[in-house]
Amino acid sequence: MGYLFISPWIIGFIVFVAGPLIASLIISMTNYNLLSSPQFIGLQNYAHMFGDSNFWLSLQVTFYYALLAVPIDLIVALVLAIMLNQNVRFMPLFRTIFYLPALLPPVAISMLWIWILNPAYGILNTFLKTIGLPQPQWFLTPQTTVPGYVIMSIWGLGTWMVIFLAGLQNVPAELYEAAVLDGSGVWAKFWHVTLPMISPVLFFNLVMGIVGAFSFFTQAFVIGQGTGTGAGVSNSGLFYSLYLYQKAFSELQMGYASALGWALFLIVMLLSLLVFRSSALWVYYGGESS
Amino acid sequence: MATSFCFLIPLFWLISSAVKPSDQIFVFPQVWIPHPAEWNNFAIALTSLPFGQFALNTLAIAVLVTVGNVFSSAFVAYGFARFRFPGRNVLFIVMLATLMVPGQILLVPQFIMYYKLGWINTFAPLIVPAFFGSAFYVFLIRQFFMNIPPELKDAAYIDGAGEWTIFSRIYLPLSKSALTAVAIFSFQGAWNDFLGPLIYLNSQKLYTLQIGLTEFEGIFHSNWNYIMAASAVIMLPMIVIFFIGQRYFIQGILMSGTKG
Amino acid sequence: MYLKRGKIIQMSKKTNRLLSFAAVLSSLSLLAGCSSVSAAAKPAAAKNVPVITFGSWIPWSAHPGHVKLLNEINHANRGRFIIKPVYTPPSGYDQKLLTELAAGDAPDFFYVDYGFVSSFAANHTLLALSPYLQQLKKQYLAANPQNYYPASLAGDRIGGKYYALPFIDQPYVMYYNPQLFKAAHLPMPTANWTWTQFLRDAKALTVPAKHQFGYLQASGWPPLETYIWSYGGHMFNPQGTRAELTSPADLKGIELMQTMVQDKIIPPQAQIENLNIEDLFRQGKVAMFLGGANDGNYTYGNHRINTAIAPIPRGTQQVTGDYVAEIAVNAKAANPKLVVQAYLDILTAYAHTHVAPPIRQYAQRLKTIYVNSAPGGHIPAARIPIILDSMKFARSLRPMQNMTNYYNIETNDLYDPILLGTSSAKAAAQKAETDMNNYLKNPNG
């Protein structure tokens, strides 16, 4: 009976996930451009990947983004959550302000931020100028393109913040009281009580953050459209998903794109595994001794 | 607090830019409050492309996707929550694992599948998958279902009710808040979706608002006042939904995030 | 000819696409006033009259001129066929077209961007036109390739057969602002002027205090090839098997662009990001602008502006580039003979309305073409000889397999580093040459 109820999901899983996943493996071993029938070429696509400088570039861009955006977003989100957790007046209002941008359409957000980050007429550079800081050219120069995306992502960290907030509110008050009795200061309280208690939430956010960085597409596509290559100056905005999209839909290289997809799968699995393994060291589930 | 003010600045700038006359866009220092404020810009921006059609398309897709997600996910969640069967836990974990699979991996094979079915340039690829249960929503609703006291089910069982009756007459009505959360998330996801419409919709008459906006920018690529105006209007429904259903968003996250 | 910053592909395409729109803004104000604008030509009651679909990147409902043209053709051919326009947005046009061809629901004949004809033909998606053209040569000037300017056909002949024909051929000419020249006490450009004179003029016309610049160069526009060719460079060897970007002639062209940066006669890239560069010329902030002959630049916003054109300055020779776009026929079109006729009707109609027609006989009649924004509705007489001359010495880009990669290499290795000041012309040319050679060996890599 139970099977009956979950059958839609099982069917869906086979048709939309497992099936395509396996089919993708097979397609990745062909040359296929939709217009003529697929030609089997074995592992050539994978061999080609190793020599493809754009492949490595796209990995670099994506990792660079992940390494900047994930920690920064998580830390800022946590800090904001802690601040909001202090029983401030109007907390719901502030929570709204921080959470709202995360729900807005990414396409519209990209347009807004292209304009905000415009090197000559954008308000961010005006602000930097007023406080005497140098003004990077953001999406105009290769080195500052990914940082531009990272800044955009900070505006959208509302979801992480709300999740952290929920986690913080689940921390039993007694633990804090006990710590105070022990004479712990603010930092000690944070390190020994807050952090361990929210570590499952942190763990969840970290994994989802990594997956998110590798699926980052819409903003990269929309913002990349404004540049000659479609992926930023000197391909500095060539995120992995964007590269995959280009290969699949701009060039109709379905076989190679499938190979790229599988490479992505393996990379993300590997990273997730690493995080999962390391979680034993630092994630604390209620019931264990810290 | 100062930080929240900073967070609001981009939105303020959005509206400020949207009503700027064209000759006040590329000036330095920037104009924050344009004189005169051209509220007409909204009308000009929205009538230069068939945004009305785009809105209808987006609405249609979003509604169907939401209906599909809500019912199929509740259905599947019931299965996971109320029955014990071999492999249940394994399947549940597999389902959760799919959340960690980046969609890009399935992009090409799914596209080819739809291509063979002749569904390219239709709404079908965007809507059909929603009727098969979506991992995140199933998880959310299952959590909720697990909190419904089993006595209710047992009582109904004794009264001779079948599973379907229990599901639809007892569980569903009791889970209104969870279902609403799913509905709101789902609607928001469909409204904001870009990649799906991008690869599956080729004719302009099928475009959604998000695709329409990128096309708009392609044509008006330097008229930032119009681009901001169009962007603002496209964001508006999400803002409205957020204010109305705020607590459902938060609740939805509460029910799921903390169990990560 | 406007260009989204850096978008070379879109540059070459967008030029005329956006031009065909004639600044959608002015079309909008036209729409407001023009109450008799009909929506895109709708097929009349189809009594088994074959409907032929015509795909383009023009939103027909915003272009009363095009709609009128189509209605006239349909009227003249009533009972035989009806042409129905289909619109695909310009960005990603060729990719969408490819997907539609693969799915089997592409229009019967359609616009193709320059350089993409060969890849479409290679996929067997285009109808070989030559046999049909042979039959219709007597009826249509447009059916005889001999009537075309040779440069405009560069991308269309594959394996001895024609797979597409151009519907427009815009040579690039130098627009300039006579008032700014007068204010700087400079003589107006002559037909024989050189890049040296140009640079000197541009320097005199650059007045930082007034935020005024002599010229404008963005990533992708004006095309580097134009500068290279004018010094006798060819980018590739005649067989097209090897890149020659570091040859002395090629290098001179690339260095010309570098000189523009070093002499500061062009606005910094940061200032032209996200805006319409040709607008800067129209606003009088830039004194000279290399644009397509169809740009006109007769008006800005709603008022008339005073601009003039000169042919492109000489290097060691006089050569300019051109913007060409083609129309091709779907290999799977039902009733190809009829479709080709409709196709030729469109080409002929365009030759009477577009600047400039790639067909010589029609080009001679340039002064009769109606141009909406021009003073008096026609191209000023002074411009006509310049445009016609420029068409004679215009050259088209060498069509390559996978043009997208070709443009990307140019953007990444030449335009961006030189314009952003991160590389010297020589170093950039060397890197570009290496990458181009790799690209030639493996165009799809």
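Strand S6 (164-176) of chain C is largely enclosed by the rest of the structure, because 13 of its 13 residues are buried; a residue counts as buried if 20 or more other C-beta atoms, placed from the backbone, lie within 10 Å of its own. Strands, like helices, are DSSP runs numbered from the N terminus, with at least two residues (E) for a strand and at least four (H or I) for a helix. The model is a predicted one, in which local features need pLDDT of at least 70 and side-chain atom pairs count only at pLDDT 80 or more, while totals for chains, interfaces and linings use all residues. Residues are numbered from 1 along each chain as its sequence is written, and chains are lettered from A and ligands numbered from 1 in the order in which they are written.

S6(C) has several strand partners, where pairing requires at least two DSSP bridges between two strands. Seven bridges link S6(C) with S11(C) in an antiparallel arrangement, and here C:Ile168 faces C:Ala325. Strand S7 (residues 288-292) of chain C is also antiparallel to S6(C), through five bridges, with C:Met174 opposite C:Leu290.

Helix H14 (residues 383-392) of chain C buries C:Arg383, C:Ile387, C:Ser390 and C:Met391. Down the helix axis these residues fall within an arc of 100 degrees, so they line one face of H14(C); the arc is taken from the directions from the axis to the C-beta atoms. This buried set packs against S6, S10, S11, helix H13 (360-363) and strand S12 (394-395) of chain C.

The largest nonpolar core holds 292 residues, and A:Met161, C:Ile327 and C:Ala328 touch the most other members. Such a core is a set of buried Ala, Val, Leu, Ile, Met, Phe, Trp, Tyr and Cys residues joined through C-beta atoms within 7 Å. Leaving aside residues up to four places away in sequence, C:Ala328 touches C:Phe109, C:Phe110 and C:Tyr163, among others.

Turning to the interfaces, 68 residues of chain A are in contact (C-beta atoms, placed from the backbone, within 7 Å) with 70 residues of chain B. Helix H1 (residues 2-27) of chain A gives the most to the chain A side, with 15 residues. That side has 54 nonpolar, 14 polar and no charged residues; Ala, Val, Leu, Ile, Met, Phe, Trp, Tyr, Cys and Pro count as nonpolar, Asp, Glu, Lys and Arg as charged, and the others, Gly among them, as polar. Elsewhere, 29 residues of chain C are in contact with 23 of chain A.

Terms used. Two residues are in contact if their C-beta atoms, placed from the backbone, lie within 7 Å. A residue is buried if 20 or more other C-beta atoms lie within 10 Å of its own, exposed if 12 or fewer, and partly exposed in between; C-beta atoms are placed from the backbone.
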